[in-house]
Amino acid sequence: MKKYKYLLAAALCLGTLSSCHDLDIMPKDVMTNNDVFTDAGVESYFAALYSRFPMEDFNVSDQGDHQGFYFWNNISWDMNLTGESVNRNNAGFNWACVVKGYWSEGYSVIRQCNSFIANLDTYKNQFSAAYNMEAAEAEARFLRAYTYFSLVKRYGGVPLLKEAQELADDESKLWVARSSHKECVDFILEDLDYAIAHLGTKKVAGRANKFVAAAIKSRVALYAGSVARYGGQYDYTVDGVQVCGLPASDANNYFKQAYDASKVVEEGGYALYNKDADKAVNFKNIFMNADNSDESVFVRQYSLSNNVHSFDAVYCPPRMTTTYGDRYNPTLDWVELFDGLPKDPSTGHLKTTDDEGNYIVYDNEQELFKDAEPRLKGSIMIPGETYKGITLEMRAGLIKPEVDTATAKIKKFVEDDGQTTTAWNKNDWFKNNVIVTTTKWNDDGGKQLYQLPDGSKININGKDGPANGGSNNTLTGFHGLKWINTNWSVGETQLHRSTQTWIDVRYAEVLLNRAEAAIELAQNGEENYDNVDMLQDAMTCINKIRERAGATLLTSKAELANTPITNERGSGINSFVFAPNVGLHVVRVERYKELAFEHKIYWDLRRWFTFDTQIKQYRRRMLAPFMFAKGAYLNADGNGEGKYIYDTRVCERANGQGTFTTKQYYDKIPDGERTKNPLLVQNDQY
């Protein structure tokens, strides 16, 4: 048998996204173990591992050769499946975008970690006297735990390889059966405990320290607690091994671990970003100033000389990029979760009609959003506001000048029940009184323009959408702002040039983990844990986030009670998000608002086991502004100004149904892996 002899060679292969195998003959351009196990060599080794471990960042994609990671064209994200957003390239529900068979890539990273840990003591004499060997092992164990969690949250129990395997002529000796889901989770938590105990406290961007390990532990333990409490219906046992599901009796233990780990992070001096007086600007700048923020716990940095992404070019509105654009369309369902918008309490939907069913006339395109929660304004682009030197113009069409804004009584065009997809032009009043054309940001030789009574020419449909016909622009009436570099000019917004930092863990997430764990404990027999009132502590954590967001604060811990609620979309305020009771509904809605577009909500819905009911026969909804031509004029930016009505409805385009099936709570183990390892049993329902 041959052992892996050149660890850094393999790690460097990882770092360059290529494939290589260990050889008896040493490659000339790599180092041997004697070179790796030195103070400087270990730093290079870890740099290579960090470049390949499975952080869900800007470059998560349904394309490429690396099982869902490390591909620039990120046009199909998990946020398109959860009701957060949709985009023109993926107007349907592409469930395959998050099921890329992440397996061998993960085990490659795990193998490198195992090999490093196994050889560390052998070469201890090569390190300087001051070198912290335990910290080096702790960092390897952190990377191993992070990678195993990426596998376990997808598949449940997986083969648990605690040591590097030796190559064998008889490949059957390498076959390993799946360990139980519980054994895998507990091993991950054990690794993280070691990392917390032995990593230092120094903060280095993109590297683990004690507090990063604690933050990831809070995430892992919270996930495990949810699976134990809510996933019993999908437990799956084969030959006496529970490969999917965790014992319900362990739920509180996992929630306690999540809570305790969150408290450890607090010791690191992390805090919510609060540098800007304008709360909307402040929220946007969390993501623009990630490298200079106490909120950033764990990040991945980019640079033109090393690692870039293309988020701006792909996701900006078309007018704000040199290419592509228009893949970032938050849904009305998500927008309606925010405070300060006029909503019908019986449905939770935006209330844009009066009690007689006639559209409310707004004086301008911004009036609807004037009292909106600042966090929303920091998350999406608001009509009439200027970004990258361009003032956003959102309009679905013009109402003919014969219609007087003072006397107009316009009944709703299309029913907003979450299912009706009738085209606007099927409504007689609309057909006779509204002018529409294909949405384009330029005038297309005048075809997009309409001459107003004063002689000026105005774009019929807004330059920035919503799209209609075969045009390219937002499908929902909204463009996303979170992560967008608004400091760039349009000319600078090109493919493979973006370098803003991805934040994998924010202190806000840690606070929400802590709050959710506390609510779960309080509602399940642990009202006081570690001499702390759990609901009061949860309320404090949530209010810290709400205060920063400019949202309505909780006034009593009674608002976090376990009073059961009915889950049905469109049945009341925030009814889009499902939960078993009032208290958990509060924290789940808060996660939806705070952590949207950060690859968190998809996994939340899976661990809460509400995905199959919340996203069931679901159609995304949109907001469509229509401007009155009467009294309209061009402003200094060349945009139309006038009075508006707003229609809420299922998206005119991207209006198909989506349903999450129960088998998707655990991914299918790749067939190719089962061919290589016949001991791998497949997950249920596949």
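Lys and Arg are counted here as positive and Asp and Glu as negative, with His and the chain ends left out. On that count, the chain of this predicted model carries 76 positive and 90 negative charges.

The chain contains 19 helices and 20 strands. Its radius of gyration is 27 Å, close to the 26 Å that the globule rule gives for 686 residues, so the chain is as compact as a globular protein of that length. Along the principal axes, the C-alpha atoms fill a box of roughly 85 × 60 × 50 Å. Of the contacts with a separation of 6 or more, 72% join residues 24 or more positions apart.

Buried residues account for 60% of the 686 residues. The chain exposes about 25,500 Å². Carbon and sulfur atoms supply 46% of that area.

The largest nonpolar core comprises 185 residues. Phe-142, Tyr-148 and Trp-334 have the most contacts inside this core. Helix α7, spanning residues 210-230, provides the largest share of the core, with 13 residues. Another core, of 17 residues, lies apart from the largest one. Its members include Ile-410, Phe-413, Ala-624 and Phe-626.

Neighbours within four places in sequence are left aside.

Note on methods. Residues numbered from 1 in each chain as written. Predicted model: local features only at pLDDT ≥ 70, side-chain atom pairs only at ≥ 80, totals over all residues. Heavy atoms only, no water. Core = buried A, V, L, I, M, F, W, Y, C linked by side-chain atoms within 4.5 Å. Buried < 20%, exposed > 50% of the residue type's maximum accessible area, 1.4 Å probe, protein only. Helix = DSSP H or I, 4+ residues; strand = E, 2+ residues; numbered from the N terminus. Contact = heavy atoms within 4.5 Å. Rg over C-alpha atoms; globule rule 2.2 N^0.38 Å. Areas by Shrake-Rupley, 256 points an atom, 1.4 Å probe, with all protein chains shown as cover. Charge placed at Lys NZ, Arg CZ, Asp CG, Glu CD.
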